[in-house]
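The tour goes from one selection to the next and says what to look for at each stop.

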Amino acid sequence: MNFKESKPIYLQISDRIMDEIMQGNYPGDERIPSVREFAATVGVNANTVARAFEYLQNSEVIYNRRGIGYFVSTDAKEKIEEMHKEQFITTEIPEFLHKMEMLGISIEEITRIYEQNKAQNEKTN
């Protein structure tokens, strides 16, 4: 796994696991690889993966069955969508709006582009 310097590794690992859950690789109530297995897969220290699992457990995306391992919560996909939506609204939209203002792009221009993309996506689906 290639890591970016701009984000802590444990969060990048958490993102990867959440992506895999969203793609259906880890269905609800199914076991995920152990901390050691995952650490070997991504080539990092097991403590870093343990921190990622702790973050996901605190976010209620996974849960621990003592002595058995970590499992995906039944509502993990909904939790992940909620987390991503919140992050998008609080981080990415303000940055986007700031860039719009700096570049003199109007909301009408954005709306026009949005509608064009939406129509194009409907044609391809």
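**Before starting**

This is a predicted model. Residue numbers count from 1 along the chain as its sequence is written.

**Stop 1: helices α1 and α2**

Select residues 9–22 for helix α1 and residues 35–42 for helix α2. At what angle do α1 and α2 pack? The angle is about 100°, and the two axes are 12 Å apart. Angles of 65 to 115 degrees count as roughly perpendicular, so α1 is roughly perpendicular to α2.

Now show the side chains at this contact. On the α1 side, pick Ile-13, Arg-16 and Ile-17. On the α2 side, pick Phe-38, Thr-41 and Val-42. Sorted by class, the contact of α1 with α2 has four nonpolar residues, one polar and one charged.

**Stop 2: helices α1 and α4**

The axes of α1 and α4 cross at roughly 125° and come within 10 Å. That angle makes α1 oblique to α4. The crossing of α1 past α4 is left-handed.

Which residues make this contact? From α1, select Met-18, Asp-19, Ile-21 and Met-22. From α4, select Ala-76, Lys-77, Ile-80, Glu-81, Met-83 and His-84. The residues of the contact of α1 with α4 divide into six nonpolar, one polar and three charged.

**Stop 3: the largest nonpolar core**

In soluble globular proteins, nonpolar side chains tend to be buried together. In this model, the largest nonpolar core has 23 residues. Select Ile-13, Ile-21, Phe-38, Val-49, Phe-53 and Val-61, which have the most contacts inside this core. Two or more residues of the core come from each of α1, α2, α3 (46–58), β2 and α4. Which element gives the largest share of the core? That is α1, with six residues.

Setting aside residues up to four places away in sequence, Phe-53 touches Ile-17, Ile-32, Pro-33, Ser-34, Val-35, Phe-38, Ile-62 and Tyr-70.

**Stop 4: Val-61**

Move to Val-61, in the loop between α3 and β1 (62–65). Is Val-61 buried or exposed? Its relative accessible area is 0%, so Val-61 is buried.

Next, display its surroundings, leaving out neighbours within four places in sequence. Val-61 is in contact with Met-18, Ile-21, Leu-56, Phe-71, Val-72, Ser-73, Ala-76, Lys-79, Ile-80 and Met-83. For a distance check, pick the C-alpha atoms of Val-61 and Gln-12: they are 15 Å apart in space, and the two residues are 49 apart in sequence.

**Stop 5: Ser-73 and two residues it contacts**

From Val-61, step to Ser-73, one of its contacts. Apart from neighbours within four places in sequence, Ser-73 is in contact with Gly-28, Asp-29, Glu-60, Val-61, Ile-62 and Tyr-63.

Asp-29 has a positive phi of about 65° although it is not a glycine. Asp-29 sits in the loop between α1 and α2, and at 36% relative accessible area it is partly exposed.

Glu-60 also has a positive phi, of about 65°, and is not a glycine. Glu-60 belongs to the loop between α3 and β1. With 46% relative accessibility, Glu-60 counts as partly exposed.

**Stop 6**

Return to helix α1 and select Glu-20. Is Glu-20 buried or exposed? The cut-off for buried is under 20% relative accessible area, so Glu-20, at 13%, counts as buried. Beyond neighbours within four places in sequence, Glu-20 is in contact with Asn-25 and Tyr-26.

Finish on Ala-50 in helix α3. Ala-50 counts as partly exposed, at 30% relative accessibility. To end, pick the C-alpha atoms of Ala-50 and His-84: they are separated by 22 Å, and the residues are 34 apart along the chain.

Notes:
Predicted model: local features only at pLDDT ≥ 70, side-chain atom pairs only at ≥ 80, totals over all residues. Heavy atoms only, no water. Contact = heavy atoms within 4.5 Å. Axes fitted to C-alpha atoms, helices over the stretch in contact; angles between N-to-C directions. Helix = DSSP H or I, 4+ residues; strand = E, 2+ residues; numbered from the N terminus. Parallel < 35°, antiparallel > 145°, perpendicular 65-115°, else oblique. Nonpolar A, V, L, I, M, F, W, Y, C, P; charged D, E, K, R; others polar. Core = buried A, V, L, I, M, F, W, Y, C linked by side-chain atoms within 4.5 Å. Buried < 20%, exposed > 50% of the residue type's maximum accessible area, 1.4 Å probe, protein only. Left-handed = near helix turned anticlockwise from the far one by under 90°.
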